[in-house]
Amino acid sequence: MLIPVTKGPQLVMIGAVSAFMAVCSLWISNPYYQLILSTVPIWATVALTWNLFSGYTGLISFGHATFFGLGAFTVALLFIKLGISPWYGLMVAFMVGGCASVIIGSITFRLRGHYFAIAMLAYPTLFIFLFDWMGWQELTFPIVHDHPMQFMQFKDGRVYTLMGVGLMTLTLLLTLYIERSRFGLAMMSIKQNEMAAQAAGISTFRVKMLGFVLSGALGALVGGFHAVVLQVVTPHGVLGTVVSAQALILTLFGGVGTLWGPVIGASFLVPLTEGLRAELGHILPGIQGVIYGLTIMIVIIAAPEGLYWKIRDLLNQKGHESPKLKKERQQISLKCVDSTHVSNSNILLQVAGVSKAFGGLQALNNVNFEVRENEILGIIGPNGAGKTTLFNVLNGFQIPDAGVITFSNQNTTGQGPHQLCSIGMGRTFQVSRPFLRMNVFDNVLVGALGVCKDSDHAKQLAQQALDKVGMGEMNDQSIQSLTNLELRLLELARALASQPKLLLLDETMAGLGAAEVEAILQVIQNLPSQGITIVIIEHTMQAMMRLVDRMVVLDHGQVIAQGLPQKVMAEPEVINAYLGKKWMSLHASH
Amino acid sequence: MYIIVENLLQRLVTGIMVGSIYGLLCTGLGMIFGVIRVINFAQGELMVLGMYATMFIGGLLVLWLSVGSALGAYLAIFVVAAALGAVGWLIQKHLISYVSGFNASNSENQGHFAQLILTLGLSLVISNGALIVFGSSPRTVQSPLASSSVTIGPFSEGDILIFLNQARGIGCLVAIAVSIVLYLIVQKTRLGITMRAAADNPKAATLMGIDIEKSYATAFAIGTAATAIAGGLIAMYYPFHPYTGFEFVIIMYAGVVLGGMGSMLGAFWGGFTMGLVQQLSTYFLPFQLQNATIFLLFLVVVLLRPQGLFGKNVERA
């Protein structure tokens, strides 16, 4: 069964909206209203397919027109040049869109954020020039007299509207299913923090690619359908910036990364555009664009995250989060592979001769140390000593230039973060960026997804992790209501949920007050007894001295001392390099 | 043989001239994008406003000062820079600031989504507003320079002759001069240092007593002025209409990304490369594919060197 029963309310909603549109389209005979009615579901679907990737992963694309246009041209060319019916053409368009996504994705995923968004602009532009040059300035579908149905040519325009509604309904169902799946959560965790997602064991490239392919294939499908409805295709009409912009505007206006946002946007803005064009366009050309532009500007200033969230926030102010949400969340469907690992040795992590340089800067220089099971190892050093680089190398964000890293008796040098995570290497970050629109429990559940594929098991792990940090009762709380301390604990819980054997903590206590440090210390101190080994970077020396079993001191990328805290701190080299003369004089005065 | 060399040299020279003007265009955008981290879709429309402004103010100056139409147009550029700078300041201060910086720091994605919509809306309002006010027919800044040229050569015993279009040539010189001034402002002056600090780390900059809202507005004003000047220079040899912004905004962004975000110089050279490649490609390819080459080049650079030709920023890769 693809769709679990508990998406009930949303399913009913999808059914109701689709039925409403279908009934309207059958009932209204005025051809002008019929035209508007047929464009709403098409544009809603375009926006939905854009939202499917960009909305959930946060990687905004300015090039969605590529897929829309390729779909349109595929259907048109197959029909006009080869006489292949659009019924088959649409299937080919779907595949063309998917293949194009794979190629475009593998090139463009090298970029992030704004750069990804802008680079995507290049593709539709390229195709416009190419198709113009090929002489395809305007492709018109020939009219078929025998068996027009076989070539998707219907006399009654309402058939197209119904098909459009059907396409929209399918895309809505798919979005709903993905939103509630493990895959959907993985996409959302990329939006939150791609590095954290990788560290939580998610293969972000694969997740992004899958989302992109789905979005591209469906985008091409709806592009092809749009061509069938209009019976004419021009490069600027289907590949122009306007198409990409429309997908973006409709979604952001309605609410990005939500099921209903694109539909809300299309239902408001598409009739508005058409109405303005019909009523005012001939009186004062351009006035419709001005009004449209002003409308979206005003709405976005009033509701910067889109209408959907604005409405929801207004409703939520009255009562707190409904228990229904919790119920829905618990239905998230996951599958399971067990990942137990046995280690036979006392040494859990061995770092041998690891070096890493950035240009001329030797960030790590022949670093050697080991971490034993169930100990707490502290790493200290002045700013720029290479501490965070060391963590990045350990958990696979960066590949060392030289040296070998052995983790639970495997040579793990050069393995990626998500592989390392799945064999038990967890990590927190200096800056925690929780998922603002998810509650406490879901934030932690993301961490459990990397290692566990069974729905109940993942939820258990998430709950256990929350219990370990003392936040077991706060599942439904929203992130905005958390204190600074609770945010740190949440970050810790998320790392714990991935069942690490070794946990790398990057300045977990930075910026906290004494009482808060105390609370975190207690949580961390308890971890070794539960079979979790800790490596921690920290500046709060007081806390460090109390917490750790052993210390490694880094300076200029080299290990200058290691051993018991008291001993290490007494070594003159350490005092010199790290604490300096001021500390010495202070210390002497005591 | 000589004809090939002559053709190539001719395109090279034209490419350098057009490239310099594109360089200034991209420098303006690079300021806004680099300092405020806002994707401004309306940059192309602001350029178009610069084009119309140069045309009208140039015309007025010709009447008032009874100077020649070419001199009037170049004098107009100073006024245009000031006027569009003020427009840019107002846009940042009273529109973008609602959805950027501290106002957006708590919303998901730091307000990036809202910024996109806002600037897209703005671009629609400006381009369609221009359609209402100025009509859809293509315009140019009238000046005799557009159709006159300077001859270089002859070289190789009279076999090679190169023509410099005067409108492009002077435009190129003005663009380089303005770019150098902008570079010096950003690198050397207090204003520039505060802007760079605000770009690098807004929170730390605030703690150092820098009014980042003011820095942002200044950056937006300077960036808009630079793009408007470049628009004015282009308008002297290229017919424009209310929707010309759409053509150019893509070239601008491709140039900025191509050059890399490390410095203003990157943006300039990115734009320069765009213009140069665009002109050179006309020699090898049919006219319709002229612009396709620059985007192909853009993609190749993205693939081989994600940080851009001159960029050092690693976060993007």
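Start by selecting residues 10–240 of chain A, which the domain assignment gives as domain 1, and then residues 347–589, given as domain 2; these bounds come from an automatic or database domain assignment. This is a predicted model, where local features need pLDDT of at least 70 and side-chain atom pairs count only at pLDDT 80 or more, while totals for chains, interfaces and linings use all residues. Residues are numbered from 1 along each chain as its sequence is written, and chains are lettered from A and ligands numbered from 1 in the order in which they are written.

With both domains of chain A coloured, their C-alpha centres lie 44 Å apart. Their contact takes 15 residues from domain 1 and 18 residues from domain 2, where two residues are in contact if their C-beta atoms, placed from the backbone, lie within 7 Å.

Next, pick α8 (182–192) and α9 (194–199) of chain A, the elements that give two or more residues to domain 1's side of this contact. Helices here are DSSP runs (H or I, at least four residues), numbered from the N terminus. The largest share, 6 residues, comes from α8(A).

Now bring chain B into view: 43 residues of chain A are in contact with 42 residues of chain B. On the chain A side, select α5 (113–119), α6 (122–133), α12 (241–254) and α14 (287–302), each supplying at least two residues.
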